[in-house]
Amino acid sequence: MMNQHQTALVSLLLGSFPTFQSGDAAAALAAYEIVLNEADERDLQPGIVLLINGQHPSHDGRFAPTSSQLAGAIRVARD
């Protein structure tokens with residue numbers, strides 16, 4: 001289960017991509033949850049900000065990021 005901070009960050013992230021559409025939103029959120037629970041809490045916000053600001057090279061920017069793109073952004077922010 002995502003904590004309050006993680007939930008707020010995911011809401012901010014998905015709210016930044018109004019075209020977010022998923023055939024199974026619950027599955028998409030569950031995948032995000034796995035990524036967030038594996039990452040260090042301190043790296044979450046910087047990684048999400050990279051995606052929102054369009055600064056992550058593998059993210060298209062027209063669509064909400066996949067869970068693997070989220071994980072990649074968190075790793076980039078950490079390193």
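**Close-up views of helix packing and a buried histidine**

**View 1. Helix α2 alongside α4.** In this predicted model, the axes of helix α2 (residues 25-38) and α4 come within 9 Å and cross at roughly 20°. An angle under 35 degrees counts as roughly parallel, so that is how α2 lies relative to α4. The crossing in which α2 passes α4 is right-handed. On the α2 side, the residues to look for are A31, Y32, V35 and L36, and they meet S67, L70, A71 and I74 in α4. Sorted by type, the residues of this contact of α2 with α4 comprise 7 nonpolar, 1 polar and no charged.

**View 2. Helix α1 across α2.** Here we turn to another pair. Helix α1 (residues 4-15) and α2 have axes that come within 11 Å and cross at roughly 125°. With that angle, α1 is oblique to α2. The crossing of α1 and α2 is right-handed. From α1, the contact draws on Q6, V10, L13 and L14, while α2 brings L29, Y32, L36 and N37. The residues of the contact of α1 with α2 divide into 6 nonpolar and 2 polar, with no charged ones.

**View 3. The largest nonpolar core.** This core has 17 residues. The elements that give two or more residues to the core are α1, α2, α3 and α4.

**View 4. The surroundings of L36.** Which residues is L36 in contact with, leaving aside its neighbours within four places in sequence? They are M2, Q6, V10, L44, L70 and I74.

**View 5. H59 in its loop.** H59 sits in the loop between α3 (41-52) and α4 (67-78). Is H59 buried or exposed? Its relative accessible area is 10%, and buried means under 20%, so H59 is buried. Setting aside neighbours within four places in sequence, the contacts of H59 are F17, L51, A64, P65 and Q69.

Conventions:
Residues numbered from 1 in each chain as written. Predicted model: local features only at pLDDT ≥ 70, side-chain atom pairs only at ≥ 80, totals over all residues. Heavy atoms only, no water. Helix = DSSP H or I, 4+ residues; strand = E, 2+ residues; numbered from the N terminus. Buried < 20%, exposed > 50% of the residue type's maximum accessible area, 1.4 Å probe, protein only. Contact = heavy atoms within 4.5 Å. Axes fitted to C-alpha atoms, helices over the stretch in contact; angles between N-to-C directions. Parallel < 35°, antiparallel > 145°, perpendicular 65-115°, else oblique. Left-handed = near helix turned anticlockwise from the far one by under 90°. Nonpolar A, V, L, I, M, F, W, Y, C, P; charged D, E, K, R; others polar. Core = buried A, V, L, I, M, F, W, Y, C linked by side-chain atoms within 4.5 Å.
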